[in-house]
Structure formats: C-alpha cells, structure tokens
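Please keep the sequence and the coordinates at hand while reading.

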Amino acid sequence: MPRTSAGLLLFRHRPTGLQFLLAHPGGPFWKNKDHGVWTIPKGEANPGEDLLAAAQREFAEEIGSSPTGDFLPLNPITQKSGKIVHAWAIEGDLDTTNIQSNICSIEWPPKSGKQIEIPEIDRAEFFDLPTARLKINPAQTALLDDLISKLDL
C-alpha cells in the first residue's frame with residue numbers, strides 16, 4: 001500500500017502575481033540541494049486520521065503556524081517514490097524569517113550508526129510561479145497548476 005502524505009499550499013497575491021510558500025528540507029543531505037527539492041509543507045498521515053487535519057498538523061509542525069480560512073482541495077498527486085500526496089491550498093501570509101520547524105533524528109553519516117538531530121525544514125520562502133516551478137519537487141508542480149486552474153487565473 002503506498003504511503004500517504006497530506007499538506008498545505010499557502011499562497012498570496014502580489015502585484016507581480018501569485019507567490020507560493022515552499023519549504024526546504026533540513027539536514028546535511030539536503031544542505032547544498034536546491035532545484036527540485038523544495039516541497040509544500042506536508043507529512044505522513046496517521047492511520048485513520050482525517051487528511052485535512054493531518055495537513056494542518058504537518059504545516060504547524062514544520063512551519064510553526066496554523067493558517068485558517070477556506071481550504072481549497074487540490075487533486076492528489078503521486079510522487080516518484082509512489083507516495084500519494086493530498087493537498088489543500090489556502091490564501092495567507094507569514095513571516096518566513098520566523099519559521100519554527102520540529103526536530104527529527106537521522107543517522108548521519110549514512111550507515112555510521114550515529115544519530116544527529118536536524119530541523120525537518122531548514123527554511124521556507126515565497127516564490128513566484130516560474131521560480132516555484134524550478135524549486136519544487138517535480139511531481140508537485142501539478143499542485144501549482146491545479147491551484148491556478150481552480151483560481152481561474
């Protein structure tokens with residue numbers, strides 16, 4: 001059975017167009033990676049958990065805030081790994097200099113047996129559409145396109 005994640009795509013209107021909040025994974029593996037690795041704030045849903053509730057929980061854990069308002073469901077996507085991502089868009093704004101991500105443990109270096117603690121997300125930023133398309137995990141570009149089509153822009 002494929003893994004299921006849920007997340008939120010926060011967006012805001014600017015005179016130059018829409019901007020999308022994307023998160024960069026934390027830790028040494030991702031440190032020098034940029035294009036194609038950013039993601040919407042998301043994470044795995046617990047068994048039986050409401051997917052929108054999971055998306056809101058994950059956003060709060062990774063970003064440190066909880067957007068409220070009308071959540072717009074987006075079409076689920078399947079990432080290269082086979083993981084299915086359910087997402088909702090919400091309009092809002094936040095100060096990206098004040099991100100408060102949860103901490104997780106990973107084995108580093110790989111196969112060393114040593115555990116280190118890292119932030120799950122090391123930074124988050126708003127990007128315009130062309131930049132977001134470069135930065136985001138390629139499978140998640142469909143979420144950007146779906147939102148734009150639903151906003152009828």
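## Aromatic rings and nearby charges

Trp 38 counts as buried, because its relative accessibility is 1%, where buried means under 20% relative accessible area, exposed over 50% and partly exposed in between, computed with a 1.4 Å probe on protein chains only. The model is a predicted one, in which local features need pLDDT of at least 70 and side-chain atom pairs count only at pLDDT 80 or more, whereas totals for chains, interfaces and linings use all residues. Residues are numbered from 1 along each chain as its sequence is written, and side-chain values use heavy atoms, with hydrogens and water left out.

Rings of Phe, Tyr and Trp (for Trp, the six-membered ring) are taken as a pair if their centres lie within 6.5 Å, and planes under 30 degrees apart count as stacked, over 60 as edge-to-face and the rest as tilted. By this rule there are two aromatic pairs. In one of them, the ring centres of Phe 29 and Trp 30 are 4.8 Å apart with planes at 90 degrees, so the pair is edge-to-face. Phe 29 is partly exposed because its relative accessibility is 44%, and Trp 30 is partly exposed as well, at 29%. Trp 38 and Phe 127 form an edge-to-face pair too, with 5.0 Å from centre to centre and 90 degrees between the planes. This pair links distant parts of the chain, since Trp 38 sits in the loop between strand 2 (17-25) and strand 3 (42-44) while Phe 127 belongs to strand 9 (residues 121-128), 89 residues apart; strands here are DSSP runs of E with at least two residues, helices are runs of H or I with at least four, and both are numbered from the N terminus. Phe 127 is buried, with a relative accessible area of 7%.

Two charged side chains also lie over ring faces, which requires NZ of Lys or CZ of Arg within 6 Å of the ring centre and within 35 degrees of the ring normal.

| Charged residue | Ring | Distance to ring centre |
|---|---|---|
| Arg 12 | Phe 126 | 3.8 Å |
| Lys 33 | Phe 29 | 4.4 Å |

## Backbone details

Most residues other than glycine have a negative phi, and most peptide bonds are trans. Trp 108 and Pro 109, however, are joined by a cis peptide bond with omega about -5 degrees, and Pro 109 lies in the loop between strand 7 (103-107) and strand 8 (115-119). Lys 111, placed in the loop between strand 7 and strand 8, has a positive phi near 65 degrees and is exposed at 82% relative accessibility.

## Strand 1 and its partners

Strand 1 (residues 4-14) is mostly covered, with eight of its eleven residues buried. Strands pair if DSSP finds at least two bridges between them. Strand 1 runs parallel to strand 6 (residues 84-91), with eight bridges, and Leu 8 has Trp 88 as its bridge partner in strand 6. Three bridges join strand 1 to strand 3 in the antiparallel sense, where Ala 6 is partnered by Gly 43. Strand 2 is antiparallel to strand 1 over four bridges, with Arg 12 opposite Gln 19, and strand 1 and strand 2 form a hairpin with two residues between them.
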